[in-house]
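Dear colleague,

Please find below the structure that I am handing over to you, followed by a summary of what was found in it.

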Amino acid sequence: MLVASSFSCHFFVAGISDKVAGTIGIVVDHRRKNRSLESLQANVQRLKTYKAKLVVFPRRSRKFKNGDSAPEELATATQVQGLYMPIVRERPFVEFTKVTDEMKSFKAYCKLRLKRTNQRHMGARLKKAAEAEKEEKK
């Protein structure tokens, strides 16, 4: 079984129908939607690789249907143990630095509050400055 549930749109792009996906060991989640092109392409590539490596045995040994693997492939097929095609994610690189006295003395909350206050009162201050300039011209 393929580790990870796929979305319906992935099957459409990979050329697998939703009903067939359930029969060949792929979990389908119809509720989820794809949000990025990169993940769509990565998942479609995984599905295509899975489908290429898949060996489908016929239900009856003498009757082969469309979609079943060739008898040569059936003879060389082996059972896979454990996880199959696990998703490998890159770990983000984190750089550690020494904490300096400047970093310790920095008051982030006060700085944010001051910025927020300045932004909130900017319109009133500009209006007041414009009125003061107008009074000064008279």
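Leaving aside its neighbours within four places in sequence, with which residues is Lys51 in contact? In this predicted model, the contacts of Lys51 beyond those neighbours are Gly15 and Ile16. Lys51 belongs to helix H3 and counts as partly exposed because its relative accessibility is 42%, between the limits of 20% and 50%. Its C-alpha atom is 9.2 Å from that of Ala14, although 37 residues separate Lys51 and Ala14 in sequence.

Ala14 and Ile16 also belong to the largest nonpolar core, which has eleven residues.

As to the chain as a whole, six helices and two strands make up its secondary structure, in the order β-α-α-β-α-α-α-α along the sequence. Of its 138 residues, 16% count as buried. The chain exposes about 12,600 Å², of which carbon and sulfur atoms supply 56%. Among contacts between residues at least 6 apart in sequence, 55% join residues at least 24 apart.

Helix H6 may also interest you. It covers residues 108-137, and its 30 residues should span 44 Å at 1.5 Å a residue; the end C-alpha atoms are 41 Å apart, which agrees. H6 bends by about 50 degrees at Met122.

Kind regards

Definitions and conventions. Residues numbered from 1 in each chain as written. Predicted model: local features only at pLDDT ≥ 70, side-chain atom pairs only at ≥ 80, totals over all residues. Heavy atoms only, no water. Helix = DSSP H or I, 4+ residues; strand = E, 2+ residues; numbered from the N terminus. Buried < 20%, exposed > 50% of the residue type's maximum accessible area, 1.4 Å probe, protein only. Contact = heavy atoms within 4.5 Å. Areas by Shrake-Rupley, 256 points an atom, 1.4 Å probe, with all protein chains shown as cover. Core = buried A, V, L, I, M, F, W, Y, C linked by side-chain atoms within 4.5 Å. Expected span 1.5 Å × (residues − 1). Bend = angle between axes of the 7 residues up to and from the residue.
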